[in-house]
Amino acid sequence: MQIVLATGNPGKVKEFQQLLAPTGHQVRPQSDFHVPEAEETGLTFVENAIIKARNAARHTGLPAMADDSGIEVDALDGAPGIYSARYAGPGADARANNQKLLEALRDVPEDQRTARFRCVIAFLRHAEDPSPVLTQGTWTGRIALAPAGEGGHGYDPVFLVPELGQTAAEIHADEKNRRSHRGQALAAFLEALRREGAE
Ligand code: ITT
């Protein structure tokens with residue numbers, strides 16, 4: 001099946017392509033179709049994922065999937081959450097977001113720096129699909145005291161995987177995909193598609 005991937009984030013595109021490579025699905029980023037970015041006006045990951053997938057389905061006439069994700073930090077009452085991409089302001093880059101997060105946690109001791117990545121995937125068979133497929137994944141860890149690693153994207157350099165003692169930017173991409181919120185949400189999505197095909 002040809003599916004449009006409704007994201008403008010190259011880090012997500014790379015991970016989706018790695019994760020979907022062994023499947024038969026042909027997933028093409030929305031930039032291939034010149035889809036304009038949707039405004040994320042939702043108040044939840046679910047709402048924003050649906051908004052983005054619907055926008056791409058509308059502009060292409062093809063089935064579309066979107067990922068809305070972010071990081072929730074317990075010491076900040078779950079912030080930045082759905083606002084993760086724009087934590088340090090509109091158009092902020094990853095470095096600025098990470099710096100702001102480390103600053104906000106400056107006085108928070110290691111054992112209280114717990115956090116989790118969340119990812120919701122929405123899939124719409126067509127723009128007016130009344131029952132989108134929705135799946136989600138969570139990845140629990142801690143915010144590091146300082147950034148480390150060159151891999152990944154976004155908050156990966158400050159997201160410590162406690163079992164490995166390394167940040168998400170220090171581990172191999174395959175290792176991240178096996179553990180990550182996105183990997184889990186995508187595995188659940190592929191399972192839902194398989195079940196739908198079987199029905
Ligand atoms: P699209 O909306 O175009 O998909 P975006 O980057 O704006 O791109 P979101 O609104 O879903 O996407 O924001 C998610 C932010 O959460 C993203 O910009 C990262 O900063 C962070 N994030 C999500 N998944 C991540 C991951 O696997 N590693 C590091 N940071 C991640």
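Trainee: How do the residues of the shell around the ligand divide into nonpolar, polar and charged?

Mentor: The shell has five nonpolar, eleven polar and seven charged residues. Ala, Val, Leu, Ile, Met, Phe, Trp, Tyr, Cys and Pro count as nonpolar, Asp, Glu, Lys and Arg as charged, and the others, Gly among them, as polar. This is a predicted model: local features need pLDDT of at least 70, side-chain atom pairs count only at pLDDT 80 or more, and totals for chains, interfaces and linings use all residues. Residues are numbered from 1 along each chain as its sequence is written.

Trainee: Which residues are the closest to the ligand?

Mentor: Thr7, Asn9, Ser84, Ala85 and Gly154 are the closest of the 23 residues that surround the ligand; a residue counts if its C-beta atom, placed from the backbone, lies within 6 Å.

Trainee: And which element gives the most to that shell?

Mentor: Strand β3 does, with five residues. Strands (E, at least two residues) and helices (H or I, at least four) are DSSP runs, numbered from the N terminus.

Trainee: On to Asp68: is it buried or exposed?

Mentor: Asp68, in strand β3, is buried because 27 other C-beta atoms lie within 10 Å; the cut-offs are 20 or more for buried, 12 or fewer for exposed, and partly exposed in between, with C-beta atoms placed from the backbone.

Trainee: What about Tyr83, buried or exposed?

Mentor: Tyr83 counts as exposed because it has 11 C-beta neighbours inside 10 Å. Tyr83 is found in the loop between β3 and α3.
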